[in-house]
2 protein chains.
Amino acid sequence: MALNSQADDLLPGPVIALSGGVGGAKLALGLSRLDLDADLLVVANVGDDFEHLGLTICPDLDTVTYTLAGLSDQEKGWGRADEGWRFMAALDQLGGESWFNLGDSDLALHTLRTGLLAEGKSLTQVTRAITLKLGIAARVVPMSDDPVRTMVQTSNGALAFQHYFVRDRCEPVVTGFVFDGIAGARPQADFLAALADPDLRAIIITPSNPFVSIDPILDLPGVRAAARATPAPVIAVSPIVAGQAIKGPAAKMMAELGMPSSALAVAEHYGDLLDGFVLDHGDQDQADAVAGLGIHPLVTGTVMVSLADRVRLAQEVLALARQLGP
Amino acid sequence: MALNSQADDLLPGPVIALSGGVGGAKLALGLSRLDLDADLLVVANVGDDFEHLGLTICPDLDTVTYTLAGLSDQEKGWGRADEGWRFMAALDQLGGESWFNLGDSDLALHTLRTGLLAEGKSLTQVTRAITLKLGIAARVVPMSDDPVRTMVQTSNGALAFQHYFVRDRCEPVVTGFVFDGIAGARPQADFLAALADPDLRAIIITPSNPFVSIDPILDLPGVRAAARATPAPVIAVSPIVAGQAIKGPAAKMMAELGMPSSALAVAEHYGDLLDGFVLDHGDQDQADAVAGLGIHPLVTGTVMVSLADRVRLAQEVLALARQLGP
């Protein structure tokens with residue numbers, strides 16, 4: 001380990017973190033405090049993205065960006081801290097669609113992005129300009145510059161993701177997911193390059209929703225194959241702790257899809273893609289079963305309340321990556 | 001006059017008010033308090049409109065709308081009262097173009113409009129939906145659903161209107177104006193219909209800037225001819241009082257264009273289009289010269305400080321229209 005760690009310091013290589021919104025952004029923030037700088041490549045899901053009021057809104061990308069910039073609202077889990085709501089009040093007054101909350105400050109990002117996209121800039125270029133301006137050292141990229149839109153199949157028919165998630169408050173019973181556009185979507189260029197980099201140190205699947213945050217990234221053409229082909233370890237952190245999702249509908253979805261709401265079921269869902277799996281102390285009884293899948297388990301505290309929790313968990317995941325690495 | 005007034009009450013017809021921003025909106029507000037309801041057709045200049053941050057912004061249309069809805073900021077003369085500025089602060093933080101101020105509440109209108117235009121709605125349809133929602137009884141329409149963009153010719157070259165007006169604070173010396181797109185722009189349908197309406201009561205040229213607020217409307221194909229052909233009187237209210245513009249660069253422009261900054265010069269500028277011209281007590285020495293142009297002068301108080309001023313001036317203009325009418 002000591003030698004590996006030194007070699008790691010001498011010969012840095014990319015660390016890929018696949019992320020959705022809140023849970024993923026928390027671990028990404030921890031990773032961003034480990035002096036990886038631009039070696040940290042946070043790949044954000046765009047399946048949640050949608051066009052609303054003429055604006056292109058990228059909730060996961062923005063949660064990652066705001067979190068890494070220290071601007072996020074930690075209470076709500078989305079948007080910016082110290083936010084104002086005059087825009088929403090005026091929109092409601094004018095009869096506009098007001099089911100999706102957009103804060104006054106947050107709007108600047110959506111407006112700026114929509115304008116730059118209309119000028120022909122790619123989502124990658126827009127995101128780079130914004131993250132540089134906000135002083136974020138890590139590279140934050142969308143999983144693809146091509147649009148992919150998650151449709152949630154429910155017992156009442158298919159729903160666009162934000163209609164399911166925000167408008168209908170995750171109430172419809174889920175039967176499956178379709179990622180519109182994914183067959184023709186190219187993984188983002190830096191992401192592809194990092195996957196093929198012989199110095200790649202790890203692919204970290206953050207504790208975001210496996211079905212709607214991580215699967216869209218993994219389902220991009222060539223990504224699973226590249227993740228299997230790389231000698232770098234693939235390590236997932238369970239978003240399920242003691243049968244519950246820390247935030248969001250992951251546990252509810254698992255029940256509706258007929259699988260146990262457990263950390264083990266998450267490990268089984270990712271299957272042989274994984275080299276390592278991080279589960280909470282509360283789920284240590286599932287560690288042996290994870291090992292039985294041929295996946296190295298790490299039992300630790302995975303609930304990230306404080307910044308110290310985020311950094312400590314990130315350190316442990318990177319240590320596991322060194323341990324499992326080639 | 002008494003008979004005319006009764007006939008007027010029995011047989012109402014449209015009253016057209018041509019308007020730019022602040023000054024025009026003040027008189028439009030006065031007119032809107034005279035129980036004209038939908039007979040009042042406020043035709044707003046769109047030459048000031050521009051695309052900014054991906055949004056379609058219509059400053060004159062919005063000033064009229066906010067003013068008639070009682071939402072305008074009377075101090076600033078644009079935007080909404082009780083406005084917030086988080087959006088601008090965040091935009092600046094992200095490195096976006098921040099020379100044009102957009103308030104947090106005001107943004108709802110621009111965003112809603114841009115989204116509806118992108119869906120294929122016309123500017124007329126969007127404006128109607130918004131003014132109805134805000135409880136405005138008068139009809140407020142853009143002068144055209146086709147884009148017309150005022151270019152200000154200056155000694156330093158041509159500038160898009162908002163670049164001249166806001167970004168460069170009207171500092172460049174003006175040599176002329178070009179209204180891009182005007183040759184192919186159709187006057188808005190209700191405006192055309194009212195111009196041809198045999199019951200048309202008056203065309204009122206509000207005290208907005210003659211060169212950049214009113215001329216774009218008059219220069220639309222067919223508008224001057226229709227204004228000349230109608231038996232209804234055309235009456236302008238001078239935006240120049242005692243050699244100064246109440247607000248904006250009208251007087252500065254007149255000096256730069258080599259004409260006196262006077263009410264009389266405004267009357268001469270509109271020329272034989274006018275049947276009546278309303279000038280301030282302070283300019284009563286010019287009334288005879290106005291009459292010498294074949295234009296009926298009305299000397300009264302034209303500076304609108306209070307709502308009562310707006311209503312009283314509107315009443316006097318309508319009374320003059322009845323006096324000059326067929």
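This is a predicted model: local features need pLDDT of at least 70, side-chain atom pairs count only at pLDDT 80 or more; totals for chains, interfaces and linings use all residues.
1. Overall shape of chain A. The radius of gyration comes out at 19 Å, which agrees with the value near 20 Å that a compact globule of 326 residues would have. Along the principal axes, the C-alpha atoms of chain A fill a box of roughly 60 × 45 × 40 Å. Of the 326 residues in chain A, 52% count as buried.

2. Make-up of chain A. You will find 14 helices and 14 strands here. Looking at contacts in chain A between residues at least 6 apart in sequence, 67% join residues at least 24 apart.

3. Strand S9 of chain A and its neighbours. Strand S9 covers residues 202-205 of chain A. It pairs with strand S1 (residues 15-19) of chain A through four bridges, and the two run parallel. S9(A) also pairs in the parallel sense with strand S10 (residues 234-237) of chain A, this time over three bridges.

4. Side chains of S9(A). In a regular strand, side chains alternate between the two faces of the sheet. Here A:Ala202 and A:Ile204 point one way, A:Ile203 and A:Ile205 point the other way, and all are buried.

5. Helix packing in chain A. How do H2(A) and H14(A) sit relative to each other? The axes of helix H2 (residues 22-32) and helix H14 (residues 307-324) of chain A come within 7 Å and cross at roughly 75°. Angles of 65 to 115 degrees count as roughly perpendicular, so that is the label for H2(A) and H14(A). On the H2(A) side the meeting residues are A:Lys26, A:Leu27, A:Leu29, A:Gly30 and A:Leu31, and on the H14(A) side they are A:Arg310, A:Val311, A:Leu313 and A:Ala314. By class, this contact has six nonpolar, one polar and two charged residues.

6. A three-strand sheet in chain B. The order is S7-S6-S8 in an open sheet, with antiparallel pairing. Strand S7 (157-160) and strand S8 (174-180) of chain B are the edge strands, each pairing on one side only. From one strand to the next the twist averages 25°. Strand S6 (residues 149-154) of chain B is joined to S7(B) by four bridges, running antiparallel. One pair to look at is B:Gln153 with its bridge partner B:Ala158 in S7(B).

7. B:Ala291. This residue is found in helix H13 (residues 287-292) of chain B. Is B:Ala291 buried, exposed or partly exposed? It has 13 other C-beta atoms within 10 Å, so B:Ala291 counts as partly exposed; buried would take 20 or more, and exposed 12 or fewer. B:Ala291 and B:Pro221 are 70 residues apart in sequence and 29 Å apart in space, C-alpha to C-alpha.

8. The contact between the chains. It takes 25 residues from chain B and 25 residues from chain A. On the chain B side, helix H4 (86-93), helix H5 (106-118) and helix H6 (123-133) each supply at least two residues. Which of the elements gives the most to the side of chain B that touches chain A? That is H5(B), with eight residues. By class, this side of chain B has 14 nonpolar, eight polar and three charged residues.

Notes
Residues are numbered from 1 along each chain as its sequence is written. Chains are lettered from A and ligands numbered from 1 in the order in which they are written. Two residues are in contact if their C-beta atoms, placed from the backbone, lie within 7 Å. Ala, Val, Leu, Ile, Met, Phe, Trp, Tyr, Cys and Pro count as nonpolar, Asp, Glu, Lys and Arg as charged, and the others, Gly among them, as polar. The radius of gyration is taken over C-alpha atoms; the globule rule is 2.2 Å times the number of residues to the power 0.38. Two strands pair if DSSP finds at least two bridges between them. Axes are lines fitted to C-alpha atoms, for helices over the stretch in contact, and angles run from 0 to 180 degrees between N-to-C directions. Angles under 35 degrees count as roughly parallel, over 145 as roughly antiparallel, 65 to 115 as roughly perpendicular and the rest as oblique.
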